[in-house]
Amino acid sequence: MVPCVRSDVVVATSGDKERRSSELPPEDLARLSDIVTMQPTSNGELASRWNLDSGKDVHRYLTTTLKEFFYRDETVRIRATKGAEELVASSS
């Protein structure tokens, strides 16, 4: 799990990266919201929800675009970090 902390509009991750909610494109924020509401979920479930061809496409998207906002639990299901939940809640 990659811990995230939300402070005002900045989400700070365990590395040197910081991401502002305004820098997250609307589609990415909507997909992050899907993860929050569907958790725990799987690549296949998200592929269906997002109209992607396969779970591999979901994995690629998650690891390149939302890597600081999700983790896999002990059953390998996809869950949102606390920071992701707070970011989604604050953008509603």
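Visitor: At what angle do α1 and α2 pack, and how far apart are their axes?

Guide: The model is a predicted one. In it, the axes of α1 and α2 lie 11 Å apart and the two helices pack at an angle of about 130°. The crossing in which α1 passes α2 is right-handed. On the α1 side, the residues in contact are R31, D34, I35 and M38, and they meet E45, L46, R49 and W50 of α2. Sorted by class, this contact holds four nonpolar and four charged residues, with no polar ones.

Now α2 itself, which spans residues 43-50. Its buried residues are N43, L46, A47 and W50. These residues cover an arc of only 105° around the axis, which puts them on the same side of α2. Their packing partners are α1 (26-38), α3 (55-65), β4 (70-72) and β5 (78-80). Just after the helix comes N51, with a positive phi of about 55°.

As for the setting, the protein chain has four helices and five strands, in the order β-β-β-α-α-α-β-β-α along the sequence. Of its 92 residues, 38% are buried. Among contacts with a separation of 6 or more, 48% join residues 24 or more positions apart.

Terms used. Residues are numbered from 1 along each chain as its sequence is written. This is a predicted model: local features need pLDDT of at least 70, side-chain atom pairs count only at pLDDT 80 or more; totals for chains, interfaces and linings use all residues. Side-chain values use heavy atoms; hydrogens and water are left out. Buried means under 20% relative accessible area, exposed over 50%, partly exposed in between (1.4 Å probe, protein chains only). The arc is that of the directions from the helix axis to the C-beta atoms. Contact means heavy atoms within 4.5 Å. Axes are lines fitted to C-alpha atoms, for helices over the stretch in contact, and angles run from 0 to 180 degrees between N-to-C directions. A crossing is left-handed if the near helix is turned anticlockwise from the far one by less than a right angle, and right-handed if clockwise. Ala, Val, Leu, Ile, Met, Phe, Trp, Tyr, Cys and Pro count as nonpolar, Asp, Glu, Lys and Arg as charged, and the others, Gly among them, as polar.
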